[in-house]
Amino acid sequence: MGESLTSNVFVFLLAAFLGYEVVRRVSPQLHTPLMALTNAISAISVVGALTIAGAGGGHVLLITLGTVATACAMVNVVGGFMITDRMLKMFKKRKDK
Amino acid sequence: MDWINLAVVIKAGFYPHAAGLPWYVTVIYLAAAGSFVLSLKWLSSHKTARLGVKAGEIGMAAAIIATLFLPEIRQYNWIFIAGIAGSAVGILLAVFTPMTAVPQQTALSHAFGALAAALVGTAEFYAHQSHLTHFHTAVICLECLLGYLTFTGSLIAAGKLHEVLPTRPLVFKFQNPLNFIIFGLAIACATWLAIDPQQTILYPIFIGLALLFGVMLIIPIGGGDMPTVIALLNSYAGLSAAAMGFVVNNKLLIIGGALEGSSGFILSMIMCKAMNRSFVNVLFGQSQGNTVVGTDDVYTGRIKKTTPEEVAELLTSARRVAIVPGYGLAVAQAQHVTGELFKLLESKGVDVQFAIHPVAGRMPGHMNVLLAEANIPYDHLHEMEEINDQFGEVDVVLVNGANDVVNPDARENPKSPIAGMPILNVDKARTVVVIKRSLSPGFAGIPNPLFARDNCLMLFADGKTATMDIIQQIKSEG
């Protein structure tokens, strides 16, 4: 993991900076959907949970931890995007006049 | 589950001796990372916002499917069960959470995200127990510390927001020293583990301390500071996911976590600025309510009471009306009656705009969601900077459930505890009507000279009842 550390730190810093620049432009009107959306996006951690839940090999502790972690992350994957969309759907412009 | 085994067979055909990520999984991860950034970028405009959600969903789905084909995944039954269970809970939460309960739902989702990261960290620790390097252990400990403390902290925050736990700050003697000791012990355990990864007995102690610290961190924080706390926990949840990316050496996780981490950081900065407080003050301050000043000299003989009849008359004869919804309106769940009042006034040809302070709701942007739900078009919702210089042209301002955020002392009295706090300049309007239960102070614990001004009328009532009475009056006048 040592040799990949530098590149990982680079990726982290660049992503944090990019996130800062992009999020800064989000209208304060949409800050609640923003929080729900970023929460859904960071649920990409499900990818790490999957490799543990699916590793096999009969380690009961590891499989249990991986399965619970996968379930928790999936709540945010599915729920996060859905509730973001539900909120955004409510923001309407005046229809006519 | 034969088809599940079939997937294993198909995959085995693809990767007989796979090592590292297959090239096209890397490509898909890269595309997913791009879609996440686009997703946030498209949220900057109402027009493209829903497209942003789609982009995020597609990136997420692609990344998950690609991962399922990785050679290190050999068994699908538990993944299948976890996927179904997690998705079911997610759908239930997303579909049935009322908009007023979105803050606690958000806190709960931070808890889920952080727990996932913490459990993966724990699994990594035990999986590699015998050959952990110092560095690997240190990163796992960081992931677990962030994950477990965000997990319990978010649960406490959700409990306070849902009012199953007392919303007032729980404060006791030597609280801060005790918290520092707990945190210090956790760091000491982590350091020892990093130096000697074979001391595995320390690991459960470390987890216990992290869990405890999360609880201790949030119990002294009162309801008024919740917007900042949710944003801060949002940031922590993202950082724990990013830490997981370091542990499992996956850049997509690092990117996803970093995006949430910086977003939560920005939001908590905005909240702190809007409340004129610092992080340290929110987390360790507990100064709220200690500064109550004698209110008599400010208010005596200067308060003018009004009635729903008079307010109805004022509103219908006005040309321009601005409504300032505050925290109190969110708590009283008065958004729908406010929407009704909006429609009624618009039908009478009155121009009605909403002026929304950043801390108006129970979490960043919450008030906008509530008003959007009440069918108020979003082009009538204005943030503070946008509307502040227009108050001079407004005939009537209706302040409902807000106090400190319209206190002119912040602007005019450099000695005030809230001096410099950004406020809505409602006092510049021709007439200000304040709907409030009593003259009791807001979170800052100070009197509000606005209430004593010549152009200010007080309507002492519950925000929802008062709005309904006003609607009634306007209707009865025809």
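In chain B, helix α6 (residues 134-161) packs against α9(B) at an angle of about 150 degrees, and the two axes lie 9 Å apart. Because angles over 145 degrees count as roughly antiparallel, α6(B) is roughly antiparallel to α9(B). The model is predicted.

**The α6(B)–α9(B) pair**

- The crossing of α6(B) past α9(B) is left-handed.
- On the α6(B) side, the residues that meet α9(B) include Val139(B), Ile140(B), Leu142(B), Leu146(B), Gly147(B), Gly153(B) and Ala157(B).
- Glu143(B) and Lys160(B) are also among the α6(B) residues in this contact.
- On the α9(B) side, the residues that meet α6(B) include Met226(B), Val229(B), Ile230(B), Leu233(B), Tyr236(B), Ala237(B), Ser240(B) and Phe246(B).
- By class, the contact of α6(B) with α9(B) is made up of 17 nonpolar, five polar and two charged residues.

**Chain B overall**

- Chain B contains 19 helices and six strands.
- Its C-alpha atoms fill a box of roughly 80 × 50 × 35 Å along the principal axes.
- Of the 478 residues in chain B, 51% are buried.
- Among contacts in chain B with a separation of 6 or more, 79% join residues 24 or more positions apart.

**Two domains in chain B**

- Domain 1 of chain B covers 2-284, and domain 2 covers 296-476.
- Taken over C-alpha atoms, the centres of domain 1 and domain 2 of chain B are separated by 38 Å.
- Domain 1 of chain B gives 18 residues to the contact between them, and domain 2 of chain B gives 17 residues.
- On the side of domain 1 of chain B that touches domain 2, the elements giving two or more residues are α5 (102-127), α9 (226-247) and α10 (251-274) of chain B.
- That side of domain 1 of chain B has 13 nonpolar and five polar residues, and no charged ones.

**Contact with chain A**

- In the contact between the chains, 95 residues of chain B meet 78 residues of chain A.
- α5(B) supplies 16 residues, the largest share of the side of chain B that touches chain A.
- The side of chain B that touches chain A divides into 55 nonpolar, 30 polar and 10 charged residues.

Technical notes: Residues numbered from 1 in each chain as written. Chains lettered and ligands numbered in written order. Predicted model: local features only at pLDDT ≥ 70, side-chain atom pairs only at ≥ 80, totals over all residues. Domains from an automatic or database assignment. Contact = placed C-beta atoms within 7 Å. Helix = DSSP H or I, 4+ residues; strand = E, 2+ residues; numbered from the N terminus. Nonpolar A, V, L, I, M, F, W, Y, C, P; charged D, E, K, R; others polar. Buried ≥ 20, exposed ≤ 12 C-beta atoms within 10 Å, placed from the backbone. Axes fitted to C-alpha atoms, helices over the stretch in contact; angles between N-to-C directions. Parallel < 35°, antiparallel > 145°, perpendicular 65-115°, else oblique. Left-handed = near helix turned anticlockwise from the far one by under 90°.
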